[in-house]
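I opened this model to look up its salt bridges, its nonpolar core and its pocket, and I kept notes in that order.

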Amino acid sequence: MDALKTIAAGSVKDTTPEFGIGDTVRVSVNIREGERERIQMFEGTVIAKRGSGVAETFTVRRVAYGVGVERVFPLHSPNVQDVKVIRYGKVRRSKLYYLRDRVGKAAKVKEQIRK
């Protein structure tokens, strides 16, 4: 069991970005297409965080062309280059799965003003 922890400790990033549920984030993802590599941005609302340690993941949801798109990102993955917070959301839930049923302005999360 200690060997498993030492292997996992090598994969954990030193600094993790500070964001929470309801925040609008822009995730920089490393995309590999054949021989080429490029960075693609995925911007949306964080609707869930789960796990701990090397297995920690977060789910980001956005609506593109009228279709809801959700992606689950491992926080400590080398393919996730950067997570930048665009807006801080004011929520009272730990999981925002109810946003899947909402459309338009009803699917918005109130903004929390931080100084």
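I began with the rule for a salt bridge, which asks for a side-chain nitrogen of Lys or Arg within 4 Å of a carboxyl oxygen of Asp or Glu. The model is predicted, and I kept in mind that side-chain atom pairs count only at pLDDT 80 or more.

**Entry on salt bridges**

Under that rule I found a count of six salt bridges. I looked up R32 and E37, whose side chains form a salt bridge at 3.7 Å, N to O, and I noted that R32 is exposed, because its relative accessible area of 62% lies in the range over 50%.

I then turned to R38 and E33, which form a salt bridge at 3.0 Å, N to O. Here I wrote down that R38 has a relative accessible area of 36% and is partly exposed, and that E33, at 43% relative accessibility, is partly exposed as well.

Next I checked R87 and E111, whose side chains meet in a salt bridge at 3.6 Å, N to O. This pair joins distant parts of the chain, since R87 sits in strand β5 and E111 in the segment after β5, 24 residues apart. I recorded 31% relative accessibility for R87, which counts as partly exposed, and a relative accessible area of 44% for E111, which is also partly exposed.

I also noted a network of salt bridges that links R61, E70 and R100.

**Entry on the core**

Which residues have the most contacts inside the largest nonpolar core? I found that this core has 19 residues, and that those with the most contacts inside it are F19, V25, V27, F58, V60, F73 and V83. The elements that give two or more residues to the core are β1 (24-33), β2 (36-50), β3 (57-64) and β5 (80-87).

I looked up the largest pocket, for which the computed volume is about 380 Å³. It is lined by 19 residues, of which T45, R62, V63, A107 and K108 are the closest to its centre. I noted that β2, β3 and β4 (67-74) each supply at least two residues of this lining, and that the lining divides by class into six nonpolar, six polar and seven charged residues.

Terms used
Residues numbered from 1 in each chain as written. Predicted model: local features only at pLDDT ≥ 70, side-chain atom pairs only at ≥ 80, totals over all residues. Heavy atoms only, no water. Core = buried A, V, L, I, M, F, W, Y, C linked by side-chain atoms within 4.5 Å. Buried < 20%, exposed > 50% of the residue type's maximum accessible area, 1.4 Å probe, protein only. Helix = DSSP H or I, 4+ residues; strand = E, 2+ residues; numbered from the N terminus. 1 Å grid on protein atoms, 1.4 Å probe; cavity = no way out; pocket = protein on both sides within 12 Å on 5 of 7 lines; lining within 4 Å. Points joined across faces, edges and corners; volume = space filled by probe spheres on them. Nonpolar A, V, L, I, M, F, W, Y, C, P; charged D, E, K, R; others polar.
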